[in-house]
Amino acid sequence: MYKYMETKDVTLTVLKNSKSDQTTRSFPNSVHVDIKTQRVLRMCNLPQDIRTISEGQVKDSFQLEGLLILLRHGDRGPLTHVRDISTINCAANIHPQFNAYEAYMDNLTGTPQLAQLLGPFHGFPLLPHRSCSLGQLTHVGVSQLLAIGQALRAVYADRLLFNTSTPEDFVVYSTKYRRTLQSALAFLYGFLTPELLHNVVLRESPSLQFCFEDCACPTSDMYLRKFNNEKSKHLNLHPAVLKLVNSASLIVYDVYEKNLASDPHSLRDALLTYVCHGARLPCSADKSLPTLCVHTDQVSGLLSYIEWEARQYSRSPTLRRACVLRAYGMIRNIVSYLVRIISEKKPKMVLYSGHDKTILYLATALGIAADSTYLSHYASRFIIEVYRSVNKATAALDSISSDYYFRLLFNGKDMTNRVQFCKHMLNISVINTKGLSQSLFLCPIHTIIQFLHNDYFALFNASNFKDACILHSK
C-alpha cells in the first residue's frame, strides 16, 4: 500500500510549508504539472475538458430510438466547513454559454412556463450563488452540465428528431436537492432548444436511488453497514493513511471533529474544493504553532490511496449485494421505459439527475462496477442508448423486442460487454474519429427484461424484492 503514499514521513512535519512551496500549493497554477497532478485535475472534470467519446457511434443499419441518462450533479461546495472558504472563487472557469443561460433563467422567473417546468420544485432557486456554499452547486457545476448538454445534443438531437417532439417525449426526474435540480436545468438548456424546454415538466424523486415504490429494505441497510465496517477495518490496517488524514484534518476543517479526522473520503471532498477552483491549499491559523500547510504531495497521495481502495471495493461481494437491492426500483423503472420506447415510440429521453451513490448502485447492480463508477467525478454521465435494427422486419407484436438493443456508456466509454447477463451480444466494427477500427457492443433488450423478472434476486435465493429483503434481514 505504501507505494500509494509519499516516500516522506506523513506526520505534521511533512505538512510544514516552506517559501519554495508557494507555487505548488495551487494545482492549476503550479509551475510544473506532473502526471500525479494531471490525474488529480481529471477528477475535477473541468468544463473545457468535457467531450463525447463513444456516444452515438452505432449507425448504418440501426435507428436510435431513445436515451436514458443518469447524471451526477455538477461541482459543488464542500459538505463540511473548511478553512478560508470565502477566499475560494467558485464562479471562475465558466462555460461560454453561462451568461446566456443565466439571462434565460432570469427572464423565465415569474412566468407560467417556469411554473410548469418546475412542478414540485416550485420555490427552488434556479441558479446557485457565486460563492462556494456548503453542499450547493457552483457556477462551475452549472458550466459542466451546460457542456455535457451541448456535447450530447450534437450527437443525438438530429437522430432523435427533437424538432418534432412533444411533451410526452421528455421525462425528467430529480432528487430533492438544489444541486440536482439546478444540474438538470443546466443540462436541459444545453441539450434542448428553449422551445423544447417548455415541453418539460420536472418530477421529484424522494430518494437519491430513484427507488420509487421499492425503497424500504432492511437487508440492503444491513449489507451497507457490513461494507462500511469492512472499510473501517481495512483503513485501520494502514496507519500511514490514518496519520495523514488526521494531520491534514487539523488544517483543512474549521472545526476539528474526531469522525472527520479518520475519514479519507470527507478529506478528499474538502480538498477538491480548493483544487478544482484553483485556490491555495489551506494553512493552519493557530499562531502558537509553526506554519503548517497542506501541499500537493499530500493531496495526490491521499487521492492515490482512495483510487487504490476503489479498485478493491468495486469488486466487494458485500457491496454488490447492497447495490442490487438499492438499485432494484430504479432498474425496474428503467425497464418500464425501455418497454414503452419499444411499444409506444416514446419517450425519446428519460433523465435522472442524481448523485454519485446513484451511479454506484446502478452500475454495480448491472454488473459493470469499476473503480470509475465507485468513485465517479462531478457531472459523470451514465447513458443507455436504445437502438432498433432496421434490417429485420417484424411480423408479430410478440417478436418486436427482438429487433431492439441497448448500449451502456459511462462517461463516454462503452461498458456493454461487461454486463454479465447480456447474451448473444452484437459486435459491430466502426471507424472512430481517429480513423481507427473500433468494436462496439449491442445487448438485446429482452435480456435485461428477463434478468429483471427471472434472475435479479438470484444472489438472495429469492424471486422478488419483498422476499429478498425479509429473508436476509437478520
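Glutamine 298 is buried, with a relative accessible area of 3%; buried means under 20%, exposed over 50% and partly exposed in between, using a 1.4 Å probe and protein chains only. This residue, glutamine 298, lies in helix 10. Its side chain makes a polar contact with the side chain of histidine 295 at 2.4 Å.

The model is predicted, so that local features need pLDDT of at least 70 and side-chain atom pairs count only at pLDDT 80 or more, while totals for chains, interfaces and linings use all residues. Residues are numbered from 1 along each chain as its sequence is written, and side-chain values use heavy atoms, leaving out hydrogens and water.

Two packed helices are described by the angle between their axes and the distance between the axes. Axes are lines fitted to C-alpha atoms over the stretch in contact, and angles run from 0 to 180 degrees between N-to-C directions.

| Helix pair | Angle | Axis distance |
|---|---|---|
| Helix 9 (residues 264-275) and helix 10 (residues 296-313) | about 130° | 10 Å |
| Helix 11 (residues 317-344) and helix 12 (residues 356-365) | roughly 95° | within 7 Å |

Helix 9 is therefore oblique to helix 10, whereas helix 11 and helix 12 are roughly perpendicular to each other. Angles under 35 degrees count as roughly parallel, over 145 as roughly antiparallel, 65 to 115 as roughly perpendicular and the rest as oblique.

Contact means heavy atoms within 4.5 Å. Residues of helix 9, including Leu267 and Leu271, meet residues of helix 10, among them Leu302 and Ile306. By class, this contact of helix 9 with helix 10 has nine nonpolar, one polar and two charged residues.

Key: Helices (H or I, at least four residues) and strands (E, at least two) are DSSP runs, numbered from the N terminus. Ala, Val, Leu, Ile, Met, Phe, Trp, Tyr, Cys and Pro count as nonpolar, Asp, Glu, Lys and Arg as charged, and the others, Gly among them, as polar. A polar contact is a pair of N or O atoms within 3.5 Å; within protein, one must be able to donate a hydrogen and the other to accept it, and residues adjacent in sequence count only if both atoms are side-chain atoms.
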